[in-house]
Amino acid sequence: MTTHFDVLVIGAGPAGYVCAIRCAQLGKKVAVIEQWLDDKGKSVLGGTCLNVGCIPSKALLDSSHKYKEVTEHYSDHGIGVEQPSINIAAMMARKEQIVAQLTGGVAGLLKHNGVDVIQGRGKLLANRRVQVVAADGSENTYDADNIVLAAGSLPIDIPVAPVDQDVIVDSTGALAFEEVPGKLGVIGAGVIGLELGSVWGRLGAEVVLLEAMDSFLPTMDKQIAKESQKLFKKQGLDIRLGARVTGTEIQDGKVHVTYAVGDDSHTEVFDRLIVSVGRRPQTEDLFAEDAGVTMDERGSIFVTEECATEAPGVWAVGDIVRGPMLAHKGSEEGVMVAEQIAGKHHPLNYDLIPSIIYTHPEIAGVGKTEQELEAEGIAYKVGTFPFAAIGRALAAGDSDGLVKIISDENTDQLLGAHCVGPSAADLVQQLLIAMEFGSSTEDIQMMVFGHPTLSEAVHEAALAVDGKAIHMANRKKR
Ligand code: FAD
Ligand code: AMP
């Protein structure tokens, strides 16, 4: 006999567990199937995000930032600290404790909402049935009115740099180094490479990032990317663009990396190498051939704008489907699907998903970039404001970067908000809310911003769009 649920979710990452909780809130009988076990054989919830992604990386970014502050900036405030030291084991233990607290929290929330957790590897069969093989080899089959695939993603492997999680690591290995590498190579200067390179660079590693593309952070606004590149250079991150890694060889515990720049071949020797060249959807053996699910041309599960697959009653959310591989995007897709299963209309605005890089300073953006508007032939106007003219940023000793606002030249509607600087993610989020309400630049100009706050940079950038910024010389005056 197969057990029946209203909704079965495969994968308990931020897309899957959020979907399961919302379905339960809407009165559905729900189970979430998760394969991940820890080394004691206990079920691990929270997926990549909580265990080896967003959360542990931010824990190490914050720890390493504090170390950098103590070693390089406390003296500016008149604070003397004798011989600061790093205890990597303690730093890692703190990270693990935060992860345990949050994954335990997810278990508690699922329980509180009456969601069953089924341990095992799920496979979608035809007719909305799911086969689950548990870690002990036992097999069970379940069926459901609706099934949500939320199996997430895995790091991309490249044959020229095979990961051994010792000398050559992926992002998971780089979150668990036991000591600071002397010289650290990073393949890929994308989000993950920059964040993990920053962690170990702040703790003392000499970091070289090898990036195949000629342009830096090409999906970010070009001005923000240029400014960020300048700031990383100042911090000592050696970012080599147009550098395509062609081979690696391990000799005496070090890795010799060969890379091509144009027709020239170069070799560099590192103590450790991080491969961070992107992630791919985790679709292996996730569904039977006759399950009715199809793939798109990029190897993701094909879904409509509403996250429906081609199999009736089967949905897919998160990293496993098109769009940016971001926890917040997956979670909101999970909510959207839950609402639809409950018969409600709940569209997701894919045009306003924020991108954030949690380096210091942070880099964040939402909406259109200048280069996108140029390509689309839309007339726009731009306002920027530097943190160097913001009192609160100067008081904090954190005044690198700028806020940039892009608005429609004809209608004044906000089209894009971009920032590199302190709390960039939170500042861009303020503008995202305004954009969601269809605000004009003038709406922001006319609001009162607290003083002294970092948010004043948002206000001034909005004023600068029309040459009306108060605390800098405007290029155009109106
Ligand atoms: P996942 O989190 O990957 O979860 C999928 C789950 O499904 C896993 O637990 C897996 O074990 C399980 N599963 C897979 N197949 C099966 C099966 N057949 N049966 C049962 N269970 C299965 N995103 C951000 O938004 N902000 C960040 O700051 C950020 N930082 C990151 C830092 C790093 C180092 C990394 C690697 C990623 C980061 N991300 C960040 C990306 C983020 O982690 C992912 O976008 C997010 O976890 C995707 O959620 P998901 O639920 O789709 O998949
Ligand atoms: P992201 O997807 O943001 O994590 O970025 C991954 C980056 O890795 C991209 O910018 C790719 O251009 C880069 N990349 C992929 N393969 C290579 C390679 N062989 N050598 C150097 N960079 C690479």
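This is a predicted model: local features need pLDDT of at least 70, side-chain atom pairs count only at pLDDT 80 or more; totals for chains, interfaces and linings use all residues.
## Domains and the contact between domains 1 and 2

The domain assignment divides the protein chain into domain 1 (3-154 + 280-350), domain 2 (168-277) and domain 3 (361-465). Taken over C-alpha atoms, the centres of domain 1 and domain 2 lie 28 Å apart, and the contact between them draws on 16 residues from domain 1 and 14 residues from domain 2.

Between domain 1 and domain 2 an area of about 1,200 Å² is buried, and carbon and sulfur atoms give 69% of it. On the domain 1 side, Val52, Leu61 and Ile88 supply 36% of the area buried against domain 2, which is more than any other three residues. The count of salt bridges between domain 1 and domain 2 is one.

## Helix α3

Helix α3 (residues 54-73) has 20 residues and spans 26 Å from its first C-alpha to its last, close to the 28 Å expected at 1.5 Å a residue. Its buried residues are Pro56, Ser57, Ala59, Leu60, Leu61, Ser63, Ser64 and Lys68, and these pack against α2 (47-52), α4 (88-112), α6 (191-202) and α7 (222-235).

Lysine 66, also found in helix α3, is exposed, with a relative accessible area of 57%. The C-alpha atom of lysine 66 is separated by 35 Å from that of isoleucine 21, although the two residues are 45 residues apart along the chain.

## Helix α13

Ten of the ten residues of helix α13 (residues 456-465) are buried, so the helix is largely enclosed by the rest of the structure. The buried residues of α13 include Glu456, His459 and Glu460 as well as Val458, Leu463 and Val465. After α13 comes glycine 467, whose phi is positive, near 65°.

## The hairpin of β4 and β5

Strand β4 (residues 121-125) pairs with strand β5 (residues 129-133) in the antiparallel sense, over five bridges. Leucine 125 has arginine 129 in β5 as its bridge partner. Three residues stand between the strands of this hairpin, and asparagine 127 takes a positive phi near 60° there.

## Backbone exceptions

Most residues other than glycine have a negative phi, and most peptide bonds are trans. Glutamine 83, which is not a glycine, has a positive phi of about 40°; it is found in the loop between α3 and α4 and is exposed, with a relative accessible area of 76%. Aspartate 285, likewise not a glycine, has a positive phi of about 55°. Aspartate 285 lies in the loop between β16 (279-281) and β17 (314-316) and is partly exposed, at a relative accessible area of 48%.

The bond from histidine 360 to proline 361 is cis, with omega near 0°, and proline 361 is found in the loop between β18 (355-357) and β19 (362-367). The bond from histidine 451 to proline 452 is cis as well, with omega near -5°, and proline 452 is found in the loop between α12 and α13.

## Salt bridges

Side chains of opposite charge can pair when their charged atoms come close. The model holds a count of 23 salt bridges. One of them joins lysine 222 and glutamate 374, at 3.2 Å from N to O, and this pair links distant parts of the chain, with lysine 222 in helix α7 and glutamate 374 in helix α9 (residues 370-376), 152 residues apart. Lysine 222 is partly exposed at 41% relative accessible area, and glutamate 374 is partly exposed at 43%.

Within helix α7, lysine 230 and glutamate 227 lie three residues apart, about one turn of the helix, and form a salt bridge whose closest N and O atoms are 3.2 Å apart. Lysine 230 is exposed, with a relative accessible area of 55%, whereas glutamate 227 counts as buried at 18% relative accessibility. Glutamate 195 forms a salt bridge with lysine 58, with 2.8 Å between the closest N and O atoms. Lysine 368 and glutamate 376 meet in a salt bridge at 2.9 Å, N to O. Elsewhere, salt bridges that share partners join Lys183, Glu206, Asp238, Arg240 and Glu268 into one network.

Technical notes:
Residues are numbered from 1 along each chain as its sequence is written. Chains are lettered from A and ligands numbered from 1 in the order in which they are written. Side-chain values use heavy atoms; hydrogens and water are left out. Buried means under 20% relative accessible area, exposed over 50%, partly exposed in between (1.4 Å probe, protein chains only). Helices (H or I, at least four residues) and strands (E, at least two) are DSSP runs, numbered from the N terminus. Two strands pair if DSSP finds at least two bridges between them. The expected span of a helix is 1.5 Å times one less than its number of residues. Contact means heavy atoms within 4.5 Å. Domain bounds come from an automatic or database domain assignment. Buried area is the accessible area (1.4 Å probe) that two parts lose on being put together, summed over both. A salt bridge is a side-chain nitrogen of Lys or Arg within 4 Å of a carboxyl oxygen of Asp or Glu.
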